[in-house]
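Dear colleague,

Please find below the structure that I am handing over to you.

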Amino acid sequence: MTDWPTAQLDPVRQLRVLAEVLPGVGLVERVLDIPYEQVWSFLADLEHSVPAFDPMVRSLRVLARDGEHLTVATRMPHLPIPLRFQVELRDGWCLMRSRPYLVGMAAVPLPGGRTHYAHLEGLPVRRPPLLQPLRPLFRRIVTGDINGITRALGPPPPRE
Amino acid sequence: MGLQELVGAAQRGDPLAMAALLRALAPYVGRICGAIALADGDDAMQETMIQVLRHLRSLRDPAALQGWVRRIAVREALKLARARARQLPVDHVADQATDDQPGLRLELVDTLRQLSPDQRVVLVLRDLEGFTEAQAAALLGVETGTVKSRLHRARRAFRERWRP
């Protein structure tokens, strides 16, 4: 017998899984009234997008790129040295990990020119569960970043 | 990075390794969850992956990964399929639209929907995973005779549906 039904784990669901097992991160999901292509072409250009939507990042520079794997350096207003991230970047998926911080962005297209967007930030450690009280703090930070993304992408086009 | 190295790095809590492991396991878990949980397959797969990563440190032998993941996927898919079956009588389940499974042979999906979750799971283990009836019984924690009778009923449903 062929053609068995097959389940999928889209990028937003992948990010949900990570958020469930990493106690020190906050995840926020939102439906953006902006086409997926517009959202992802903006986000995938990390050097321009991240400083535009995240007030904690003054600049981001790509140091090395090997296919989907990048090394980037971010400069933050109150840190004297740049913070390096190992990055995995592909269509609809971006995961940035430094020693002290984790950022995840995922998007899937929705009908009607909309986008299901998920964003995660926090501490990239599995233990201890004592970190869980930090989740609301990181969710507030993430909410600010998503607001920054929607502002950077401008108002949605008028509907006919 | 090989699968064993990936498991080791994910066990140590590296989020990049965890994400890579999710992708490596996705085709296999997707087949099991899709065939057992049908419309709830994506949810079953998500729950399976959460359980896999949450308990990965308990896996001592990375070579046993596939069998360990299979047990979790079967359990989670069966849990959602049983919950769905309790919510909807079988004839309603069979009447559901199949637009969420584009490209699939509708007869197959419809026939799977008419089986009980317990019949579907033995069919998946026997025909998709190549298990013997004894192996399926061991995984499900039931008697071999129970697996045989569920399999018999599942195959009879297919024969009746697809009789020329």
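Please note that this is a predicted model. I begin with one residue of chain B, B:Leu65, which belongs to helix α4, spanning residues 65-87 of that chain. The residue has 20 C-beta neighbours inside 10 Å and therefore counts as buried, since 20 is the number required. Setting aside residues up to four places away in sequence, B:Leu65 touches B:Val7 and B:Leu59. B:Leu3 is 62 residues away from B:Leu65 along the chain, and their C-alpha atoms are separated by 9.4 Å.

I turn next to the nonpolar core. The largest one holds 83 residues, and the members touching the most other members are A:Leu18, B:Ile32, B:Cys33, B:Ile36 and B:Ala77. Helix α2 of chain B (residues 15-37) provides the largest share of this core, with 12 residues. Both domain 1 (1-87) and domain 2 (93-164) of chain B contribute at least three residues each. As for B:Ala77, its contacts beyond four places in sequence are B:Ile32, B:Cys33, B:Ile36, B:Ala37 and B:Ala44. In soluble globular proteins, nonpolar side chains tend to be buried together.

Finally, the contact between the two chains involves 24 residues from chain A and 29 residues from chain B. On the chain A side, α1 (11-21), β4 (83-90) and β5 (93-97) each supply at least two residues. The largest share of that side, 7 residues, comes from α1(A). Sorted by class, the side of chain A that touches chain B comprises 13 nonpolar, 4 polar and 7 charged residues.

With kind regards

Key
Residues numbered from 1 in each chain as written. Chains lettered and ligands numbered in written order. Predicted model: local features only at pLDDT ≥ 70, side-chain atom pairs only at ≥ 80, totals over all residues. Helix = DSSP H or I, 4+ residues; strand = E, 2+ residues; numbered from the N terminus. Buried ≥ 20, exposed ≤ 12 C-beta atoms within 10 Å, placed from the backbone. Contact = placed C-beta atoms within 7 Å. Nonpolar A, V, L, I, M, F, W, Y, C, P; charged D, E, K, R; others polar. Core = buried A, V, L, I, M, F, W, Y, C linked by C-beta atoms within 7 Å. Domains from an automatic or database assignment.
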